Amino acid sequence: MASSFDATRVSVVDHPLVQHKLSLLRDNQTGCKQFRELVRELTRLETYEATRDLPLEPVRIETPIAPMEAAHLAGRTPAVIPILRAGLGMLEGVLDLIPDALVGHLGMERDEVTHEPREYYAKLPRDIAERTCLVVDPMLATGGSAEAALSYLRAQGARDIRFLSIVAAPEGLSRVLEGDADVRVFACAIDECLNENAYIVPGLGDAGDRIFGTL
Ligand code: PRP
Ligand code: URA
């Protein structure tokens, strides 16, 4: 049966530059160095979209010519939370745009047989309830890892969570959106389905292995 999901909480960042870079990323001829660079570039472009509605506050400044009322980001510095290990490949892309973001780490690993996630590490910045949390993981496949990460973050008090993936499967989107009533999900593409090993089709293969050269 085809998966369905609440499209109002999903944004596909399908700018031509994103589509071009994503095609290079998917290509199995693309090596580790270029793969890492592309993940970072794609994350930068996605972060730009995922932070479009961050609140601003007025600030008085003086330009070399005149005083003016300008704008700064309001409130606490956002947090970026990579899901280990592949999410680490997206970290620098977020920091390129938000250099003072705080960084949390969540270790999740899929069991090769059951495909269910196992949490093996967690270290979060303080006050995550007051911060926009950008959770990053390039692959949203069954949605098990994302669902577990989100429920952990909710239990720690996180309220504004935006999940940035690069490639998502419809099955994973349904699971994540059903499991969390507020999260917003960003992806560069929503692919067709999962295969018998719970890999995204056509996807890009194992993102962690391609980022870290552990194929
Ligand atoms: C991959 C990926 C996600 C997860 C997605 O990580 O980075 O975390 O699988 O699959 P799911 O939606 O079915 O849970 P993996 O477990 O391979 O670990 P890695 O990041 O260490 O490679
Ligand atoms: N994890 C990956 O790295 N790739 C997939 O296609 C699914 C899970």
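**Pockets and cores of the predicted model**

In this predicted model, the lining of the largest pocket draws at least two residues from each of strand S4 (79-84), strand S6 (105-110), strand S9 (139-140), helix H4 (144-155) and helix H6 (207-212). The space inside this pocket amounts to about 740 Å³. Its lining comprises 30 residues, and Glu109, Arg110, Tyr199, Asp206 and Gly208 are the closest to the pocket centre. Sorted by class, the lining of the largest pocket contains 14 nonpolar, eight polar and eight charged residues.

The second largest pocket has about 350 Å³ of volume. Among the 20 residues lining this second pocket, those closest to its centre are Leu54, Leu73, Ala74, Arg76 and Pro78. Here the lining divides into eight nonpolar, four polar and eight charged residues.

The largest nonpolar core consists of 33 residues, and within it Leu25 and Ile166 have the most contacts. Helix H1 (16-26), helix H2 (32-50), helix H3 (88-97), strand S8 (132-136) and H6 each give two or more residues to this core. H2 provides the largest share, five residues.

The surroundings of Ile166 can be followed in the structure. Leaving aside residues up to four places away in sequence, Ile166 touches Leu22, Leu25, Val39, Leu42, Thr43, Glu46, Met90, Asp137, Pro138, Ala187, Cys188 and Ala189.

Methods
Residues are numbered from 1 along each chain as its sequence is written. Chains are lettered from A and ligands numbered from 1 in the order in which they are written. This is a predicted model: local features need pLDDT of at least 70, side-chain atom pairs count only at pLDDT 80 or more; totals for chains, interfaces and linings use all residues. Side-chain values use heavy atoms; hydrogens and water are left out. On a 1 Å grid over the protein atoms alone, a cavity is a set of points where a 1.4 Å probe fits but cannot get out, and a pocket is an open set with protein on both sides within 12 Å along at least five of seven lines; lining residues have an atom within 4 Å of a point. Grid points are joined across faces, edges and corners, and a volume is the space filled by probe spheres set on the points. Helices (H or I, at least four residues) and strands (E, at least two) are DSSP runs, numbered from the N terminus. Ala, Val, Leu, Ile, Met, Phe, Trp, Tyr, Cys and Pro count as nonpolar, Asp, Glu, Lys and Arg as charged, and the others, Gly among them, as polar. A nonpolar core is a set of buried Ala, Val, Leu, Ile, Met, Phe, Trp, Tyr and Cys residues joined through side-chain atoms within 4.5 Å. Buried means under 20% relative accessible area, exposed over 50%, partly exposed in between (1.4 Å probe, protein chains only). Contact means heavy atoms within 4.5 Å.
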